Amino acid sequence: MARDDQRVGYGLPTVLAVALHLVVVLFSVISLPSREPEPTSSSIVQATLVSTETVTDQAQRAEAARSRALAREAEEQRQAEEAAAADAAAREAEREAQRQAEEQAREEARQAADAAEAEAARRAEEAERQARQREEQEQARQAEAEAERQRQAEVEAERQRQAEAEAERQRQAEEEARRQREAEEQRRREEEAERQRQAEAEAERQRQAEEEARRQREAEEQRRREEEAERQRQAEAEAERQRQAEEEARRQREAEEQRRREEEAERQRQAEEEARRQREAEEQRRREQEAARQREAEEAARRAAEAASQGLDRAIEGESDAVANARQGQEAANSFINLVRRAVEQAWVIPPNVPGGASAEVAVRLGPSGELFTASITRSSGDGAFDRSAIQAVEQAAPFAELRQLPANLQRDYRQFNLRFTPGDVR
């Protein structure tokens with residue numbers, strides 16, 4: 001070829017040399033299952049010559065080399081699935097060899113850059129020769145591989161054809177079975193539909209028979225109700241006649257009973273009127289006697305109260321002056337208590353008919369100004385009127401404004417005290 005004498009630079013030969021070393025290393029590491037590994041050429045170690053081939057030829061060979069490498073790598077992958085341990089070791093060796101090849105290629109590239117122009121040309125020619133030799137070897141191996149692939153493809157095609165034939169037979173058998181199942185299912189559905197139709201017809205006949213029976217029962221029931229209604233009407237008419245007769249008899253009895261009750265009531269009324277007049281006359285006589293006694297008692301009490309009032313007024317005036325003019329607190333407190341006792345005695349109206357020895361005790365609580373807060377019985381006399389008169393006497397005598405005249409330290413002590421009531425005496 002005319003292109004073989006063309007001179008090239010150092011960059012492209014270096015790249016080609018590195019690629020060549022990588023391919024050779026891959027070939028040395030990868031082993032095919034059906035062939036013995038080929039011995040490595042002694043020129044691989046010195047693959048630094050410059051090639052004079054064109055870029056297009058180099059790309060084609062590189063693509064072919066990559067295709068072959070991929071094919072071998074796929075074969076190696078299959079081997080790796082069969083023997084995982086061996087494949088792992090091979091991949092590790094491949095990575096190590098690749099690393100060494102890359103290192104060596106870089107070293108050789110540096111050496112090639114320093115080589116002379118003539119040495120580069122010579123090595124390029126040698127590399128071209130070796131490349132052609134390897135290309136021829138590769139083509140031979142590729143032809144053998146292609147023949148093997150063709151044979152395997154034919155075997156695979158035969159297996160595929162047999163498998164397709166078997167699948168077709170299987171499909172036809174399944175189709176026949178499916179048609180039989182569908183026919184059986186269709187027959188079953190038709191039989192089921194026929195049974196359903198017969199059942200529906202039988203149900204319809206049964207419904208019509210039940211409807212007819214129901215109409216007959218309703219007609220019989222209607223007739224029975226009408227007869228029952230007629231009997232009820234007759235019974236009600238008879239009951240109405242009976243009721244009217246009983247009502248007439250009842251009215252007659254009630255009229256007789258009313259007349260009898262009126263006569264009895266009139267006699268009773270006359271008797272009660274006579275008894276009432278007698279009771280009223282007796283009550284009038286008793287009230288007149290009681291009123292006379294009450295007037296006498298009240299007159300006696302009034303006279304006694306007037307007499308006591310005159311004396312108590314004088315005593316209260318004297319005690320009030322004593323409280324106002326007292327120089328000692330205790331004397332003022334005693335004067336205040338005497339003042340309260342005398343004011344209550346003056347206001348107390350003793351009820352008549354008090355039992356002998358009656359006595360009541362009243363608890364008194366005053367406010368800060370002497371106003372009455374509470375007055376309550378702490379010990380009862382046993383006579384309600386007597387107890388009420390004691391409470392009323394305290395209420396009428398209040399307020400006791402003289403409390404404010406006591407020294408401040410004694411006012412709180414004398415806001416609560418007890419009064420004992422006995423007829424003629426209060427303590």
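This is a predicted model: local features need pLDDT of at least 70, side-chain atom pairs count only at pLDDT 80 or more; totals for chains, interfaces and linings use all residues.
A residue counts as buried when its relative accessible area is under 20%.

**Entry 1: aromatic pairs**
I searched the whole structure for aromatic pairs and found two. One joins W348 and F386 edge-to-face, with 5.5 Å centre to centre and 80 degrees between the planes. I then looked up where the partners sit: W348 is in the loop between α5 (329-347) and β1 (360-366), while F386 is in helix α6 (residues 384-397). They are 38 residues apart, so this pair links distant parts of the chain.

**Entry 2: W348 again**
W348 also pairs edge-to-face with F421, at 5.2 Å centre to centre and 80 degrees between the planes. F421 belongs to strand β3 (residues 416-422), and 73 residues separate it from W348. I wrote down that W348, F386 and F421 form one aromatic cluster.

**Entry 3: buried or exposed?**
Is F421 buried or exposed? Its relative accessible area is 0%, and that is under 20%, so F421 is buried. W348 has a relative accessible area of 9%, so W348 is buried too. F386 is buried as well.

**Entry 4: helix α3**
Next I turned to helix α3 (residues 84-114), which has 31 residues. How far does α3 reach from its first C-alpha to its last? The span is 45 Å, close to the 45 Å expected at 1.5 Å a residue. I also listed buried residues in α3, among them A97, A101, A105, A109 and A112. A handy reminder for reading such a list: an α-helix has 3.6 residues a turn, so residues three or four places apart point the same way. D87 and E108 are buried in α3 too.

Methods. Residues are numbered from 1 along each chain as its sequence is written. Side-chain values use heavy atoms; hydrogens and water are left out. Rings of Phe, Tyr and Trp (its six-membered ring) pair if their centres lie within 6.5 Å; planes under 30 degrees apart count as stacked, over 60 as edge-to-face and the rest as tilted. Helices (H or I, at least four residues) and strands (E, at least two) are DSSP runs, numbered from the N terminus. Buried means under 20% relative accessible area, exposed over 50%, partly exposed in between (1.4 Å probe, protein chains only). The expected span of a helix is 1.5 Å times one less than its number of residues.
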